[in-house]
Amino acid sequence: MASISLLRLTPIPTPKTLSKSHPFSSFNPPLTPFLKFPPKTRLSQKSTVTRMSYNPTPATDRLVSAVSYTLPFFNSLQYGRFLFTKYPSLALLVDPLIPLLSLYRSIPYASFVAFFALYLGVVRNPSFSQYVRFNAMQAVTLDVLLVVPLLLTRILSPGRAGLGFKLMVWGHNALFLFSCFCFVYGLASSVLGKTPYLPFIAEAAGRQV
């Protein structure tokens, strides 16, 4: 009973009394750091950055880049005549391109016209993007390199037998396979909007763009 009476007589502490006497009354945790960047704000910022970083290559740039690699490929078909003779089934892969090749070769000096059109009209044209100009320059550089073995063959004239003829056949086969690889790689990368880097060619092309 005495304890009950003491509890009744004990004064109820007021807020002011609590603030002065309570040992944790001075503890005031900062709430502002939790209010500066709420989860919804951080999510919206992340989604905004993701949308801004996604910038696909335009379809026109992909088309021009893909067409550029047809120039060195058409000019390299003459190096594949030994493989076509030895493996006739390999020539079937080129049959769908025969109408286009016939049209290309029916134009007088088509190779020179296509070369200067690609170099002056695309590579040196600032209206095209860096992506298109780089791919066009790679195609032009590859086309120039494919002319050098043909000139050496005409100068040295290895004949139709002997070791010189075998070396010429091996060299032509290697050049044709290399040009096919460059064509498929450049065409597929351009369609996907990626930048192809042809071996031995990309560095030289990058200096000219």
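Does Phe200 count as buried or exposed, and what is its relative accessibility? At 79% relative accessibility, Phe200 counts as exposed, where exposed means over 50% relative accessible area, buried under 20% and partly exposed in between (1.4 Å probe, protein chains only). Phe200 lies in the loop between α12 and α13, and its phi is near 70 degrees, a positive value in a residue other than glycine.

The structure is a predicted model, in which local features need pLDDT of at least 70 and side-chain atom pairs count only at pLDDT 80 or more, while totals for chains, interfaces and linings use all residues. Residues are numbered from 1 along each chain as its sequence is written, and side-chain values use heavy atoms, with hydrogens and water left out.

The protein chain contains 13 helices and zero strands; these elements are DSSP runs numbered from the N terminus (helices: H or I, at least four residues; strands: E, at least two). The average pLDDT, the predictor's confidence in each residue on a scale from 0 to 100, is 78 for the protein chain, and 74% of the residues score at least 70. Where pLDDT is low, the predicted coordinates should not be read in detail.

Buried residues make up 28% of the 209 residues in the protein chain. Of the contacts with a separation of 6 or more, 72% are between residues 24 or more positions apart.

The largest nonpolar core has 32 residues, a nonpolar core being a set of buried Ala, Val, Leu, Ile, Met, Phe, Trp, Tyr and Cys residues joined through side-chain atoms within 4.5 Å. Phe74, Leu77, Leu118, Leu142, Phe176 and Leu198 touch the most other members. At least two residues of this core come from each of α6 (70-76), α7 (81-86), α9 (98-106), α10 (110-123), α11 (130-156), α12 (162-192) and α13 (202-208). Helix α11 gives the most, with nine residues. Leaving aside neighbours within four places in sequence, Phe176 is in contact with Ser76, Leu77, Tyr79, Gly80, Leu83 and Phe84.

Helix α10 has 14 residues, which should span 20 Å at 1.5 Å a residue; the end C-alpha atoms are 18 Å apart, which agrees. The expected span is 1.5 Å times one less than the number of residues. In α10, Ala110, Phe115, Leu118, Val122 and Val123 are buried. These residues lie on the same side of α10 because they cover an arc of only 135 degrees around the axis, the arc being that of the directions from the helix axis to the C-beta atoms. The buried residues of α10 pack against α5, α6, α9 and α11, whereas the face turned away from the buried side carries the exposed residues Phe112, Val113 and Leu120.

Two further residues belong to helix α12. Ser189, in this helix, is buried, with a relative accessible area of 9%. Not counting residues up to four places away in sequence, Ser189 touches Tyr131, Lys194 and Pro196. Ala174, also in α12, counts as partly exposed at 47% relative accessibility. The C-alpha atoms of Ala174 and Tyr79 are separated by 8.6 Å, although these residues are 95 residues apart along the chain.

Methods: Contact means heavy atoms within 4.5 Å.
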